Amino acid sequence: MLRSILGLASLISYTCASTTSVKVKWVDGTTPDYLAGMTFGVPWPRGQHLADSTTFTASDGAQIQSWVTAYWPDGSLKWTGHALGASDAPADAYTITASGSGDDGAGSRFRRQSNGIQVSESGEGIVVNTGKVSATFPKSGNVLVSAVEAGGKTVGSNGRLVLRSQSGTPDDHEDGKPTGIQYFSFTSKISNVTVSEDNSIRTLVTVHGIHTIEGEGAHDDWIPFIVRFYLYANSEAIRVIHTIIYDGDMYTDFLSGIGLRFDVPLAGEELYDRHIRIAGVDGGMLHEAVKGITGLRRDPGADIRSAQFNGSVLPDRSAWDPRVTDRLQWIPTWSDYRLTQLSPDGFNLKKRTKANSTWVKIPGGTRSGGLAYLGGATAGGLAVGLRDFWKKYPTSLDITNAATDTGSVTMWLYSPQAGPMDVRPYHDEMGQDTYEKQLDALGITYEDYEPGYATPYGVGRTNELYIYAFASTPSAEKLAVLTNNTNNPPVLVPEPEYMRDTEAIGSYWDVPSAVDSAQAKTLEENMDFLIKFYADQVEQRRWYGFWDHGDIMHTYDNDRHQWRYDVGGYAWDNSELSPDIFFWSFFLRTGRADAYRLAHDMVRHGGEVDSYHLGNFTGLGTRHGVQHWSDSAKQARISTPVYRKVFYYISGGDERTGDLVHEVLDVDKAWVLVDARRKVRDPDVVYKPDPTALYLDFGTDWAGLAQAYLIEWERRGPRWEEARDKLIESFVTYPELKYGFVTGEALYNSQTGAWAPPPTDPNNNGIIVVSHLSGVFGILETVDELITHFGPEQQNVTQPFLDAFLDYCYYYGASKAEQKARYGADFGSLTLMQGHSRFTAYVAKHRNNATLVQRVWSEFLGDGSKDGLAPDAPWQTERIGGSDVLVPVDEATWVSTNAAALYGVAAIENLAFVGAPDLNRLGGNSTAKRWM
Ligand SMILES: *[C@@H]1O[C@H](CO)[C@@H](O)[C@H](O)[C@H]1NC(C)=O
Ligand SMILES: *[C@@H]1O[C@H](CO)[C@@H](O)[C@H](O)[C@H]1NC(C)=O
Ligand SMILES: *[C@@H]1O[C@H](CO)[C@@H](O)[C@H](O)[C@H]1NC(C)=O
Ligand SMILES: *[C@@H]1O[C@H](CO)[C@@H](O)[C@H](O)[C@H]1NC(C)=O
Ligand SMILES: *[C@@H]1O[C@H](CO)[C@@H](O)[C@H](O)[C@H]1NC(C)=O
Ligand SMILES: *[C@@H]1O[C@H](CO)[C@@H](O)[C@H](O)[C@H]1NC(C)=O
């Protein structure tokens, strides 16, 4: 969405460069052989280009559509989004050139491409024609896409959502004879449909709605959805971002199928010219026809057989061996096909002639590419693919009624064959009915349980699908390419050095040094080890599944050679101590695809499953646990947009991620409804649900809100001025607390952004509340991004705040004597020094204090690493096999995810702030020196 910048920029005197060229490259390092159209983002340095007078062009005459996704406070561009249309021959890289100084104001950004997308809108619906495909989106009713046309033929119709549920699960009945279970089926019901304004290269149609009962039974409408359709110029593909929110009663609403279904008109097509293609393994493809004419007792002719295998129209029947044509009526027609991927390790495949006839097994395989095509050689057809199909198991694909006039393809994001989804708590409370008992239980399983809080009500899931339309059956080879496109949609990114120089994602990361320092090399190797280790663990430990894909685990059980998947707070990680920041920063500085994928999958997981989108917890996330939502600590430290910001901007403003940021913008409402910190504050303090005096932790609560405000301000969302003003108020008032950040927790006025002394220190005499947790959920990165964003012009706002923050950064790791000299008492015993070494580095940089560099590295490498990853750790995995384990695995018992995340974040930031460790400065006997 383009917004004009309304005067603000014109107040500021400008020296804009007239032209800037930015190279964007494919993240995989190889040029894709197919491009269905895509969107990417580019950052810009402050003050370089005015938003309302800059024109963007791409190299080699590639046509792009461009829009602004973020502004610097002076109104200059901070991030832009760009769309490229479909291409059979994508370039190896593109150069995006921004030109315009602000003088001519030609507004040429709005220039429409003559061969762009055609969009027409009426009261009934929206029709989008990409040049290859035309799709009709009704504005009401049950059908999201009423028609998909290719080559003038309707090849898909009635595109709608399907959902099934049941009121109980047979698993609760030992004899397998449950009584009284009701079964429901639902379809989509549209609330509203919107279409993008600029449609030169890309059109976005957004459909909001809810699932409503279909057929028999009575059930409230439930499971709200947002489905976004992205269409690109000249593309045969429609990208679909499908989001659902769980809003059921977990004890009586068991989801048993979540899907997207399209009908495929087949009337008039010969049964032997109707084709089924289903993606198998590594580009493999099932080749079948509804009425097969191969393998018969009589041979119709080699040309005829090969035409059917290849999906071409069969020659006229007069050309066949008549012994076949005379007996065509005896050849069965196969109407239904079903692929079920109920495990990440294997899929089954079967077909039948019709309902009430048995299924016939087709050999299956390991991991299906998750794409199915149904269509005719002359009628054309539709392929539907799901990204990460097997990783999101249990999934399935149904082709039905292919022998009738209207076949259909259903992509099941949750397979009806899997049995009902059970989202109930995994234990029955175990009598934990008082706070004392809950605390005692925390002391053994590290689970922070509380009745009523282990709820999935309000969590979400987003899936990415692709619909491809064809006027005739495409080659299997083409479908294999599309299967790859579905699972690895191409990603374009600017070069790390350029992104760093813009400071659009702060100043806390740098590209790996070209200087050949052995110390820096060791750090790089260790980080490389950790990235590969987690990527491998995802696969070896099968961290896959509908809800689980994208998360990693928290702590290892050395005895069982197993991550502690069943031990309370040690199980799913839910972004604990910021692995997201490690993965994203590592990606930013190296451009590496493996880090990108880990981070991408984590964005789609943490923002959806570990966060709430409905109900009292909206905007909050859940602390780590056995189920993603099982822990009672609902906090903004998990939902904080700092974990999703890089993806948001480099994706060109992924709209779903943008929604998630907006939810956190309102997290103060959740703080009124839920005392998010009820278990961890001074027991003498009575919680008052007062929006003008919320008792918040600066690091674990406010940091998430501040990041949401920052992004709202950057992107000039509907509340950007409010967001900016509240941030300024927070900046101005926080340093007024006698001990600044060392105060830890204080009263926050969510209506103004102002801080006031905490109830434990009403007269602002100064109070010390320093926790190892405050600094490890993105506060430093958020503060750095804020300071960078405000910029030198607003130093009067930022300097006192920064000074107060730097004091905290300095004293966290300072000696007890120094703490006492400054604050009258020391901070007690603090931990996580390795992770906090970056706070020391931040002070060293901002106060230009070279003396502190030694402290940075001894915190990171020396004694400070005792709860982190030590320099003398093995830095390799060990293979465990035989009867000790279920399957052979690589383990690294010395790695915990807390430590790994902090190691990575601190190594990256220390290198950026103070440079590589210098052995000569580290002192003769330091542990660091011994091990470097
Ligand atoms: C799959 O797509 C990726 C990303 O575009 C590309 O790098 C890779 O070469 C493709 N693989 C195949 C087998 O086409
Ligand atoms: C569309 O519907 C959703 C859900 O009912 C609602 O939250 C949203 O505000 C609506 N948007 C518009 C533009 O009407
Ligand atoms: C299945 O077929 C049998 C045999 O023709 C018939 O008796 C039965 O009613 C059919 N059942 C259904 C559900 O159609
Ligand atoms: C939401 O919060 C309100 C106010 O605290 C409370 O009365 C209500 O029971 C809560 N609702 C749910 C579903 O927890
Ligand atoms: C900072 O300086 C600007 C420009 O002089 C002024 O408008 C603004 O009010 C100042 N803000 C604060 C918090 O002092
Ligand atoms: C720099 O750090 C050293 C070591 O902690 C400290 O003694 C000194 O006061 C600091 N200097 C400044 C200017 O902050």
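**A chat about the model**

Modeller: Happy to! Let's start with residues 117–482: this span is 8% helix and 45% strand, and its end C-alpha atoms lie 22 Å apart. Keep in mind that this is a predicted model.

Colleague: What does UniProt list for residues 117–482?

Modeller: An unreviewed UniProt entry lists them as "domain: PcRGLX/YetA-like central beta-sandwich".

Colleague: And which feature does UniProt place at residues 21–98?

Modeller: The name there is "domain: PcRGLX/YetA-like N-terminal RIFT barrel", again from an unreviewed entry. In the model, residues 21–98 are 0% helix and 49% strand. The end C-alpha atoms of that stretch are 6 Å apart.

Colleague: Nice. Let's change topic: where does threonine 555 lie?

Modeller: You'll find threonine 555 in the loop between α6 (518–540) and β28 (556–557).

Colleague: Is threonine 555 buried or exposed?

Modeller: Threonine 555 counts as buried because its relative accessible area is 12%, and buried means under 20%.

Colleague: What is threonine 555 in contact with, leaving aside its neighbours within four places in sequence?

Modeller: With those neighbours set aside, threonine 555 is in contact with Trp563, Arg564 and Tyr570. There is also a polar contact between the side chains of threonine 555 and histidine 554, at 2.5 Å.

Colleague: Got it. How about aspartate 594, where is its place?

Modeller: Aspartate 594 sits in helix α8, which covers residues 593–606.

Colleague: Which residues is aspartate 594 in contact with, apart from neighbours within four places in sequence?

Modeller: Those are Ile531 and Lys532.

Colleague: One last topic, the ligands. What surrounds ligand 6?

Modeller: Tyr810, Asn849 and Leu852 surround ligand 6. A polar side-chain atom of tyrosine 810 is 2.6 Å from an oxygen atom of the ligand. For asparagine 849, an N or O atom in the side chain lies 2.3 Å from an oxygen atom of ligand 6.

Colleague: And how much of ligand 6 does the protein cover?

Modeller: On its own, ligand 6 has 360 Å² of accessible area, and the protein covers 46% of that.

Technical notes: Residues numbered from 1 in each chain as written. Chains lettered and ligands numbered in written order. Predicted model: local features only at pLDDT ≥ 70, side-chain atom pairs only at ≥ 80, totals over all residues. Heavy atoms only, no water. Helix = DSSP H or I, 4+ residues; strand = E, 2+ residues; numbered from the N terminus. Buried < 20%, exposed > 50% of the residue type's maximum accessible area, 1.4 Å probe, protein only. Polar contact = N/O pair within 3.5 Å; in protein donor to acceptor, adjacent residues only side chain to side chain. Contact = heavy atoms within 4.5 Å. Near = heavy atom within 4 Å. Areas by Shrake-Rupley, 256 points an atom, 1.4 Å probe, with all protein chains shown as cover. UniProt positions renumbered as here; feature names shortened; annotations may be inferred.
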